[in-house]
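Please consult the sequence and model below while reading.

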Amino acid sequence: MHPPESRMNPPGRSAPSRFRALRTLSALGLAGALSACHSVVLDPAGDVARQQGDLVVIATVLMLLIVVPVMLAVVVFAWRYRASNTEAKYEPDWDHSTQLELLIWSAPLLIIICLGAVTWVSTHLLDPYRSLGRIDARTQVRHDTRPLEVDVVALDWKWLFIYPEQGIATVNELVVPTGRPLRFRITASSVMNSFYVPAMAGQIYAMPGMETRLHAVMNEPGKFVGFSANYSGAGFSNMRFATHAVSDAQFGQWVARVKATPAQPGRAGQPADDPLPGDPRGLPMGGTLDRAAYLQLEKPSEKVPVIRYAAVAPDLYDAIVDMCVEPGKMCNSEMMAIDARGGLGKAGIRNVAMLAYDKHGRQVAAEANADPDAAVRRELAWVRALCAQMPGQARDGTVKAPTDLRALNGAGMPAPQSIGLGAEDAPAPSAARPAHVSLISRN
(Lines give C-alpha, C1' and ligand atoms only; values in the text may rest on other atoms or scores of the structure.)
Protein backbone atom coordinates (compact mmCIF):
# COMPACT_ATOMS: atom_id res chain seq x y z
CA MET A 1 0.00 0.00 0.00
CA HIS A 2 1.40 3.37 -1.04
CA PRO A 3 1.69 6.23 1.44
CA PRO A 4 -0.74 9.18 0.99
CA GLU A 5 1.99 11.43 -0.42
CA SER A 6 2.62 9.06 -3.32
CA ARG A 7 -1.05 8.92 -4.26
CA MET A 8 -1.32 12.72 -4.37
CA ASN A 9 1.91 13.26 -6.39
CA PRO A 10 2.56 10.28 -8.64
CA PRO A 11 6.25 9.94 -9.61
CA GLY A 12 7.21 11.48 -13.00
CA ARG A 13 4.09 13.61 -13.39
CA SER A 14 4.67 16.83 -11.41
CA ALA A 15 7.73 18.00 -13.40
CA PRO A 16 6.11 17.67 -16.85
CA SER A 17 3.00 19.40 -15.54
CA ARG A 18 5.05 22.35 -14.34
CA PHE A 19 6.94 22.39 -17.66
CA ARG A 20 3.69 22.47 -19.65
CA ALA A 21 2.35 25.28 -17.48
CA LEU A 22 5.56 27.27 -17.90
CA ARG A 23 5.49 26.71 -21.65
CA THR A 24 1.86 27.85 -21.85
CA LEU A 25 2.58 31.00 -19.85
CA SER A 26 5.61 31.76 -22.03
CA ALA A 27 3.54 31.40 -25.19
CA LEU A 28 0.84 33.68 -23.80
CA GLY A 29 3.45 36.25 -22.78
CA LEU A 30 5.07 36.18 -26.22
CA ALA A 31 1.68 36.56 -27.90
CA GLY A 32 0.93 39.54 -25.69
CA ALA A 33 4.27 41.13 -26.47
CA LEU A 34 3.78 40.65 -30.20
CA SER A 35 0.30 42.13 -30.03
CA ALA A 36 1.84 45.38 -28.77
CA CYS A 37 4.37 45.64 -31.62
CA HIS A 38 4.15 48.69 -33.85
CA SER A 39 5.91 48.58 -37.20
CA VAL A 40 6.69 52.19 -38.11
CA VAL A 41 7.94 51.08 -41.53
CA LEU A 42 4.50 49.75 -42.48
CA ASP A 43 2.53 52.42 -40.61
CA PRO A 44 4.57 55.64 -40.93
CA ALA A 45 3.57 59.28 -40.52
CA GLY A 46 4.92 60.47 -43.88
CA ASP A 47 3.46 59.90 -47.34
CA VAL A 48 6.78 58.94 -48.94
CA ALA A 49 7.45 56.31 -46.27
CA ARG A 50 3.87 55.08 -46.64
CA GLN A 51 4.33 54.57 -50.37
CA GLN A 52 7.58 52.74 -49.68
CA GLY A 53 5.80 50.57 -47.11
CA ASP A 54 3.06 49.80 -49.65
CA LEU A 55 5.77 48.77 -52.09
CA VAL A 56 7.18 46.35 -49.50
CA VAL A 57 3.72 44.83 -48.97
CA ILE A 58 3.04 44.53 -52.71
CA ALA A 59 6.42 42.90 -53.35
CA THR A 60 5.91 40.50 -50.43
CA VAL A 61 2.44 39.48 -51.61
CA LEU A 62 3.69 38.89 -55.16
CA MET A 63 6.51 36.70 -53.87
CA LEU A 64 4.14 34.78 -51.59
CA LEU A 65 2.06 33.90 -54.64
CA ILE A 66 4.83 31.49 -55.60
CA VAL A 67 6.29 30.70 -52.17
CA VAL A 68 3.04 29.59 -50.50
CA PRO A 69 1.98 27.14 -53.28
CA VAL A 70 5.46 25.61 -53.29
CA MET A 71 5.41 25.14 -49.50
CA LEU A 72 1.94 23.58 -49.69
CA ALA A 73 3.03 21.37 -52.58
CA VAL A 74 5.92 20.02 -50.49
CA VAL A 75 3.49 18.96 -47.76
CA VAL A 76 0.95 17.52 -50.21
CA PHE A 77 3.54 15.55 -52.16
CA ALA A 78 5.17 14.22 -48.99
CA TRP A 79 1.77 13.05 -47.73
CA ARG A 80 0.49 11.79 -51.05
CA TYR A 81 3.53 9.72 -51.91
CA ARG A 82 4.44 8.45 -48.47
CA ALA A 83 5.60 4.85 -48.27
CA SER A 84 2.49 3.67 -46.47
CA ASN A 85 0.10 4.97 -49.18
CA THR A 86 -0.29 1.98 -51.47
CA GLU A 87 -2.96 3.74 -53.55
CA ALA A 88 -0.55 6.40 -54.89
CA LYS A 89 0.41 5.86 -58.52
CA TYR A 90 3.97 4.55 -58.83
CA GLU A 91 5.84 5.55 -62.03
CA PRO A 92 9.59 4.91 -61.64
CA ASP A 93 10.28 5.64 -65.32
CA TRP A 94 8.54 9.06 -65.39
CA ASP A 95 10.94 11.88 -66.34
CA HIS A 96 9.04 14.70 -68.10
CA SER A 97 5.74 16.58 -68.27
CA THR A 98 5.27 19.53 -70.60
CA GLN A 99 2.30 20.80 -68.62
CA LEU A 100 4.27 20.65 -65.37
CA GLU A 101 7.25 22.39 -66.96
CA LEU A 102 5.02 25.22 -68.19
CA LEU A 103 3.53 25.60 -64.75
CA ILE A 104 6.91 25.53 -62.99
CA TRP A 105 8.50 28.17 -65.23
CA SER A 106 5.62 30.41 -66.30
CA ALA A 107 4.38 31.26 -62.78
CA PRO A 108 7.75 32.55 -61.48
CA LEU A 109 8.36 34.36 -64.77
CA LEU A 110 5.06 36.24 -64.46
CA ILE A 111 5.86 37.10 -60.84
CA ILE A 112 9.28 38.45 -61.84
CA ILE A 113 7.74 40.54 -64.65
CA CYS A 114 5.21 42.04 -62.22
CA LEU A 115 7.89 42.71 -59.60
CA GLY A 116 10.15 44.32 -62.21
CA ALA A 117 7.38 46.60 -63.50
CA VAL A 118 6.28 47.69 -60.02
CA THR A 119 9.86 48.20 -58.83
CA TRP A 120 10.97 50.19 -61.89
CA VAL A 121 8.03 52.59 -61.78
CA SER A 122 8.13 52.96 -57.98
CA THR A 123 11.88 53.51 -57.94
CA HIS A 124 11.53 56.58 -60.16
CA LEU A 125 8.32 57.85 -58.57
CA LEU A 126 10.02 57.63 -55.15
CA ASP A 127 13.37 58.96 -56.34
CA PRO A 128 14.73 60.94 -53.34
CA TYR A 129 15.92 63.65 -55.75
CA ARG A 130 12.41 64.05 -57.20
CA SER A 131 10.36 66.92 -55.81
CA LEU A 132 7.04 65.96 -54.27
CA GLY A 133 3.91 66.03 -56.37
CA ARG A 134 1.52 65.25 -53.55
CA ILE A 135 1.08 65.68 -49.81
CA ASP A 136 -0.95 62.50 -49.53
CA ALA A 137 -3.09 60.28 -51.76
CA ARG A 138 -5.83 62.94 -51.93
CA THR A 139 -3.87 66.21 -51.80
CA GLN A 140 -1.67 67.52 -54.59
CA VAL A 141 1.14 69.98 -53.95
CA ARG A 142 0.21 73.47 -55.09
CA HIS A 143 2.49 74.99 -57.70
CA ASP A 144 3.29 77.98 -55.47
CA THR A 145 4.22 75.89 -52.41
CA ARG A 146 7.78 76.41 -51.20
CA PRO A 147 9.34 73.36 -49.57
CA LEU A 148 11.09 73.78 -46.25
CA GLU A 149 14.81 73.37 -46.83
CA VAL A 150 16.90 71.67 -44.18
CA ASP A 151 20.65 71.16 -44.58
CA VAL A 152 21.82 68.01 -42.80
CA VAL A 153 25.42 67.34 -41.75
CA ALA A 154 26.49 64.00 -40.25
CA LEU A 155 29.18 64.67 -37.66
CA ASP A 156 31.12 62.38 -35.30
CA TRP A 157 28.80 61.37 -33.60
CA LYS A 158 25.87 63.70 -33.85
CA TRP A 159 23.61 65.36 -36.41
CA LEU A 160 23.63 69.03 -37.37
CA PHE A 161 20.48 70.53 -38.92
CA ILE A 162 20.68 73.95 -40.56
CA TYR A 163 17.54 75.87 -41.52
CA PRO A 164 18.82 78.39 -44.11
CA GLU A 165 15.46 80.12 -44.61
CA GLN A 166 14.98 80.61 -40.86
CA GLY A 167 18.68 81.29 -40.16
CA ILE A 168 18.90 78.82 -37.25
CA ALA A 169 20.53 75.47 -36.54
CA THR A 170 20.12 72.57 -34.13
CA VAL A 171 22.10 69.55 -33.04
CA ASN A 172 20.29 66.22 -32.60
CA GLU A 173 16.88 67.84 -33.00
CA LEU A 174 14.82 67.97 -36.19
CA VAL A 175 11.56 69.94 -36.12
CA VAL A 176 9.40 70.10 -39.27
CA PRO A 177 5.86 71.26 -40.02
CA THR A 178 3.21 68.77 -41.11
CA GLY A 179 1.61 68.99 -44.55
CA ARG A 180 4.52 70.91 -46.10
CA PRO A 181 7.05 69.46 -48.56
CA LEU A 182 10.52 69.02 -47.08
CA ARG A 183 13.75 69.32 -49.05
CA PHE A 184 16.86 67.91 -47.38
CA ARG A 185 20.41 68.52 -48.58
CA ILE A 186 22.66 65.99 -46.88
CA THR A 187 26.42 65.71 -46.44
CA ALA A 188 28.97 64.49 -43.88
CA SER A 189 32.03 65.95 -42.21
CA SER A 190 34.41 62.99 -42.20
CA VAL A 191 33.16 59.44 -42.90
CA MET A 192 30.24 58.00 -44.80
CA ASN A 193 26.99 57.88 -42.83
CA SER A 194 23.28 57.33 -43.43
CA PHE A 195 20.35 59.63 -42.59
CA TYR A 196 17.19 57.70 -41.68
CA VAL A 197 13.85 58.69 -40.17
CA PRO A 198 11.66 55.57 -40.68
CA ALA A 199 8.41 57.45 -40.13
CA MET A 200 9.26 60.00 -42.85
CA ALA A 201 11.16 58.32 -45.72
CA GLY A 202 13.79 55.74 -46.56
CA GLN A 203 17.42 56.11 -45.62
CA ILE A 204 19.90 58.00 -47.77
CA TYR A 205 23.66 58.20 -47.48
CA ALA A 206 25.66 61.20 -46.26
CA MET A 207 29.18 61.44 -47.69
CA PRO A 208 31.96 64.00 -47.15
CA GLY A 209 32.65 66.29 -50.08
CA MET A 210 29.34 65.29 -51.70
CA GLU A 211 25.70 66.23 -51.38
CA THR A 212 22.67 63.95 -51.55
CA ARG A 213 19.03 65.02 -51.64
CA LEU A 214 15.83 63.80 -50.04
CA HIS A 215 12.29 65.07 -50.59
CA ALA A 216 9.69 64.05 -48.03
CA VAL A 217 6.63 65.18 -46.07
CA MET A 218 5.20 64.50 -42.63
CA ASN A 219 1.43 64.04 -42.55
CA GLU A 220 0.86 63.32 -38.87
CA PRO A 221 2.10 65.26 -35.83
CA GLY A 222 4.14 63.50 -33.21
CA LYS A 223 7.60 62.67 -31.93
CA PHE A 224 9.60 60.15 -33.96
CA VAL A 225 13.08 58.69 -33.93
CA GLY A 226 15.84 59.39 -36.44
CA PHE A 227 19.22 57.74 -36.44
CA SER A 228 22.28 56.75 -38.39
CA ALA A 229 21.80 53.53 -40.36
CA ASN A 230 25.46 53.14 -41.32
CA TYR A 231 28.23 52.24 -38.87
CA SER A 232 30.61 55.16 -38.49
CA GLY A 233 32.74 54.51 -35.44
CA ALA A 234 32.73 54.31 -31.66
CA GLY A 235 29.79 56.67 -31.04
CA PHE A 236 27.55 55.22 -33.76
CA SER A 237 25.09 53.51 -31.39
CA ASN A 238 24.18 56.85 -29.77
CA MET A 239 23.94 58.78 -33.03
CA ARG A 240 20.18 59.29 -32.70
CA PHE A 241 17.98 62.38 -32.81
CA ALA A 242 14.39 63.31 -32.03
CA THR A 243 12.16 64.26 -34.96
CA HIS A 244 9.17 66.44 -34.10
CA ALA A 245 6.34 66.91 -36.59
CA VAL A 246 4.27 69.94 -35.56
CA SER A 247 1.71 72.31 -37.05
CA ASP A 248 2.74 75.40 -39.00
CA ALA A 249 1.86 77.63 -36.04
CA GLN A 250 3.89 75.50 -33.63
CA PHE A 251 6.81 75.44 -36.04
CA GLY A 252 6.79 79.25 -36.23
CA GLN A 253 6.71 79.47 -32.43
CA TRP A 254 9.62 77.04 -32.17
CA VAL A 255 11.69 79.06 -34.67
CA ALA A 256 10.99 82.26 -32.75
CA ARG A 257 12.01 80.59 -29.49
CA VAL A 258 15.27 79.33 -30.99
CA LYS A 259 16.09 82.76 -32.37
CA ALA A 260 15.46 84.27 -28.95
CA THR A 261 17.78 81.77 -27.23
CA PRO A 262 20.62 83.73 -25.59
CA ALA A 263 24.18 82.50 -25.83
CA GLN A 264 24.89 80.67 -22.60
CA PRO A 265 27.27 77.91 -21.52
CA GLY A 266 25.86 74.42 -21.32
CA ARG A 267 24.06 73.34 -18.18
CA ALA A 268 23.96 69.64 -17.45
CA GLY A 269 20.97 67.69 -16.24
CA GLN A 270 18.10 69.55 -17.93
CA PRO A 271 15.28 67.63 -19.65
CA ALA A 272 15.38 67.26 -23.44
CA ASP A 273 12.30 69.45 -23.98
CA ASP A 274 13.73 72.36 -21.98
CA PRO A 275 14.13 75.51 -24.15
CA LEU A 276 17.76 75.63 -23.05
CA PRO A 277 19.03 72.03 -22.99
CA GLY A 278 22.45 71.77 -21.47
CA ASP A 279 25.59 69.92 -22.41
CA PRO A 280 27.95 68.45 -19.82
CA ARG A 281 30.89 68.96 -22.20
CA GLY A 282 30.30 72.71 -22.37
CA LEU A 283 29.33 72.92 -26.06
CA PRO A 284 27.93 76.34 -26.99
CA MET A 285 24.23 77.15 -26.79
CA GLY A 286 22.56 79.94 -28.67
CA GLY A 287 24.70 82.53 -30.34
CA THR A 288 25.92 82.16 -33.92
CA LEU A 289 27.09 78.96 -35.55
CA ASP A 290 29.95 80.40 -37.56
CA ARG A 291 33.01 78.61 -38.92
CA ALA A 292 34.92 78.79 -35.65
CA ALA A 293 31.96 77.37 -33.69
CA TYR A 294 31.49 74.65 -36.29
CA LEU A 295 35.12 73.54 -36.05
CA GLN A 296 34.61 73.05 -32.31
CA LEU A 297 31.33 71.23 -32.86
CA GLU A 298 32.87 69.02 -35.52
CA LYS A 299 35.26 67.40 -33.04
CA PRO A 300 34.21 63.83 -32.14
CA SER A 301 31.85 63.62 -29.17
CA GLU A 302 29.26 61.10 -28.00
CA LYS A 303 25.79 61.34 -26.44
CA VAL A 304 25.50 65.03 -27.25
CA PRO A 305 22.19 66.53 -26.05
CA VAL A 306 20.11 68.97 -28.05
CA ILE A 307 21.87 72.23 -28.91
CA ARG A 308 20.18 75.19 -30.60
CA TYR A 309 21.84 78.08 -32.43
CA ALA A 310 20.00 81.37 -32.85
CA ALA A 311 21.94 82.29 -36.01
CA VAL A 312 24.05 80.55 -38.67
CA ALA A 313 26.74 81.81 -41.01
CA PRO A 314 25.03 81.89 -44.43
CA ASP A 315 27.92 80.20 -46.27
CA LEU A 316 28.64 77.52 -43.68
CA TYR A 317 26.89 74.57 -45.32
CA ASP A 318 28.44 75.27 -48.73
CA ALA A 319 31.87 75.42 -47.07
CA ILE A 320 31.20 72.08 -45.34
CA VAL A 321 30.33 70.40 -48.64
CA ASP A 322 33.32 72.06 -50.31
CA MET A 323 35.52 70.82 -47.42
CA CYS A 324 37.05 74.23 -46.76
CA VAL A 325 35.67 75.43 -43.42
CA GLU A 326 39.20 75.85 -42.02
CA PRO A 327 40.79 79.28 -42.58
CA GLY A 328 42.98 79.41 -45.67
CA LYS A 329 42.03 75.94 -46.91
CA MET A 330 41.37 75.60 -50.63
CA CYS A 331 37.88 74.39 -51.57
CA ASN A 332 37.27 71.26 -53.61
CA SER A 333 35.50 73.28 -56.28
CA GLU A 334 38.53 75.58 -56.60
CA MET A 335 40.86 72.64 -57.01
CA MET A 336 38.58 71.06 -59.60
CA ALA A 337 38.57 74.30 -61.53
CA ILE A 338 42.38 74.40 -61.43
CA ASP A 339 42.52 70.78 -62.62
CA ALA A 340 40.14 71.59 -65.47
CA ARG A 341 42.46 74.42 -66.47
CA GLY A 342 45.42 72.04 -66.54
CA GLY A 343 47.02 73.03 -63.25
CA LEU A 344 48.94 76.11 -62.14
CA GLY A 345 52.49 74.81 -62.38
CA LYS A 346 55.03 75.94 -59.82
CA ALA A 347 52.89 78.92 -58.87
CA GLY A 348 50.33 76.56 -57.33
CA ILE A 349 52.70 74.47 -55.20
CA ARG A 350 51.72 76.35 -52.04
CA ASN A 351 48.05 75.46 -52.58
CA VAL A 352 48.74 71.72 -52.32
CA ALA A 353 49.32 72.11 -48.58
CA MET A 354 45.80 73.47 -48.19
CA LEU A 355 44.26 70.31 -49.65
CA ALA A 356 45.29 68.01 -46.82
CA TYR A 357 42.11 66.62 -45.28
CA ASP A 358 43.36 63.68 -43.23
CA LYS A 359 43.20 63.93 -39.45
CA HIS A 360 46.85 65.03 -39.14
CA GLY A 361 47.54 67.04 -42.28
CA ARG A 362 44.36 69.07 -41.98
CA GLN A 363 45.39 70.57 -38.66
CA VAL A 364 48.89 71.33 -39.92
CA ALA A 365 47.49 73.11 -42.98
CA ALA A 366 45.03 75.11 -40.86
CA GLU A 367 47.79 76.30 -38.54
CA ALA A 368 50.11 77.18 -41.44
CA ASN A 369 47.45 79.31 -43.13
CA ALA A 370 45.78 80.78 -40.06
CA ASP A 371 47.68 84.08 -40.43
CA PRO A 372 48.89 84.33 -44.06
CA ASP A 373 51.31 87.08 -44.97
CA ALA A 374 50.80 89.58 -47.78
CA ALA A 375 52.49 87.38 -50.40
CA VAL A 376 50.30 84.40 -49.57
CA ARG A 377 47.15 86.56 -49.59
CA ARG A 378 48.04 87.85 -53.05
CA GLU A 379 48.62 84.33 -54.27
CA LEU A 380 45.35 83.08 -52.82
CA ALA A 381 43.48 85.98 -54.34
CA TRP A 382 45.03 85.24 -57.75
CA VAL A 383 44.20 81.52 -57.52
CA ARG A 384 40.63 82.11 -56.42
CA ALA A 385 40.10 84.68 -59.15
CA LEU A 386 40.61 81.81 -61.59
CA CYS A 387 38.01 79.76 -59.76
CA ALA A 388 35.21 82.27 -59.42
CA GLN A 389 31.87 80.68 -58.61
CA MET A 390 29.34 81.04 -61.44
CA PRO A 391 25.78 80.59 -60.10
CA GLY A 392 23.24 79.02 -62.41
CA GLN A 393 25.68 77.22 -64.71
CA ALA A 394 25.34 73.76 -63.19
CA ARG A 395 22.18 71.71 -62.99
CA ASP A 396 20.42 71.75 -59.63
CA GLY A 397 19.94 67.98 -59.75
CA THR A 398 16.36 68.02 -58.47
CA VAL A 399 13.96 65.91 -60.55
CA LYS A 400 10.53 67.44 -61.09
CA ALA A 401 7.49 65.65 -59.71
CA PRO A 402 5.38 63.62 -62.19
CA THR A 403 2.11 65.05 -63.41
CA ASP A 404 0.25 61.78 -62.90
CA LEU A 405 0.07 61.23 -59.16
CA ARG A 406 -1.80 57.92 -59.08
CA ALA A 407 -0.04 55.41 -56.87
CA LEU A 408 2.53 53.25 -58.68
CA ASN A 409 1.51 54.67 -62.04
CA GLY A 410 4.10 56.24 -64.32
CA ALA A 411 1.76 57.15 -67.19
CA GLY A 412 2.92 60.37 -68.79
CA MET A 413 5.99 60.55 -66.57
CA PRO A 414 9.08 61.93 -68.34
CA ALA A 415 12.31 59.96 -68.27
CA PRO A 416 14.31 60.74 -65.10
CA GLN A 417 17.09 63.26 -65.70
CA SER A 418 19.56 61.13 -63.78
CA ILE A 419 19.54 58.46 -66.51
CA GLY A 420 20.67 60.80 -69.29
CA LEU A 421 18.76 59.47 -72.28
CA GLY A 422 19.00 62.52 -74.47
CA ALA A 423 18.23 66.21 -74.69
CA GLU A 424 16.14 66.17 -71.53
CA ASP A 425 19.36 65.63 -69.56
CA ALA A 426 20.92 68.92 -70.71
CA PRO A 427 21.82 71.34 -67.88
CA ALA A 428 19.04 73.77 -67.11
CA PRO A 429 19.84 77.27 -65.79
CA SER A 430 19.04 77.62 -62.13
CA ALA A 431 19.53 80.57 -59.83
CA ALA A 432 18.84 78.64 -56.64
CA ARG A 433 22.39 78.59 -55.23
CA PRO A 434 25.99 78.73 -56.37
CA ALA A 435 27.16 75.43 -57.75
CA HIS A 436 29.56 73.47 -55.61
CA VAL A 437 31.57 72.54 -58.71
CA SER A 438 33.03 75.72 -60.11
CA LEU A 439 33.50 76.54 -63.74
CA ILE A 440 36.51 78.45 -65.04
CA SER A 441 36.02 81.99 -66.17
CA ARG A 442 37.28 82.46 -69.72
CA ASN A 443 37.18 86.25 -69.53
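## Overall architecture

Among contacts in the protein chain (heavy atoms within 4.5 Å) between residues at least 6 apart in sequence, 68% join residues at least 24 apart. This is a predicted model, in which local features need pLDDT of at least 70 and side-chain atom pairs count only at pLDDT 80 or more, while totals for chains, interfaces and linings use all residues. Residues are numbered from 1 along each chain as its sequence is written, and side-chain values use heavy atoms, with hydrogens and water left out.

The protein chain contains 11 helices and 15 strands; these are DSSP runs numbered from the N terminus, helices being H or I with at least four residues and strands E with at least two. Of its 443 residues, 38% count as buried, that is, under 20% relative accessible area, with exposed meaning over 50% and partly exposed in between (1.4 Å probe, protein chains only). The accessible surface is about 25300 Å², and 62% of this belongs to carbon and sulfur atoms; areas come from the Shrake-Rupley method with a 1.4 Å probe, and for residues only the protein chains shown count as cover.

## The five-stranded sheet

An open sheet with mixed pairing has the strand order β6-β12-β11-β8-β9, where two strands pair if DSSP finds at least two bridges between them. Strands β6 (173–177) and β9 (201–206) stand at the edges with a single partner each, so one side of each has no neighbour in the sheet. From one strand to the next, the twist averages 20°; axes are lines fitted to C-alpha atoms, for helices over the stretch in contact, and angles run from 0 to 180 degrees between N-to-C directions.

Within this sheet, β11 (residues 222–228) pairs with β12 (residues 240–246) in the antiparallel sense over six bridges. Gly-222 has Ala-245 of β12 as its bridge partner. Helix α5 (residues 248–259) packs on the sheet and touches β6 and β12, its direction making about 140° with that of β6.

## The enclosed strand β7

Strand β7 (residues 182–188) is largely enclosed by the rest of the structure, because seven of its seven residues are buried. One side carries Leu-182, Phe-184, Ile-186 and Ala-188, and the other Arg-183, Arg-185 and Thr-187.

Strand β3 (residues 148–155) runs parallel to β7 and is joined to it by seven bridges, with Val-152 partnered by Ile-186. Strand β10 (residues 212–216) pairs with β7 in the antiparallel sense over five bridges; here Arg-185 has Arg-213 as its bridge partner.
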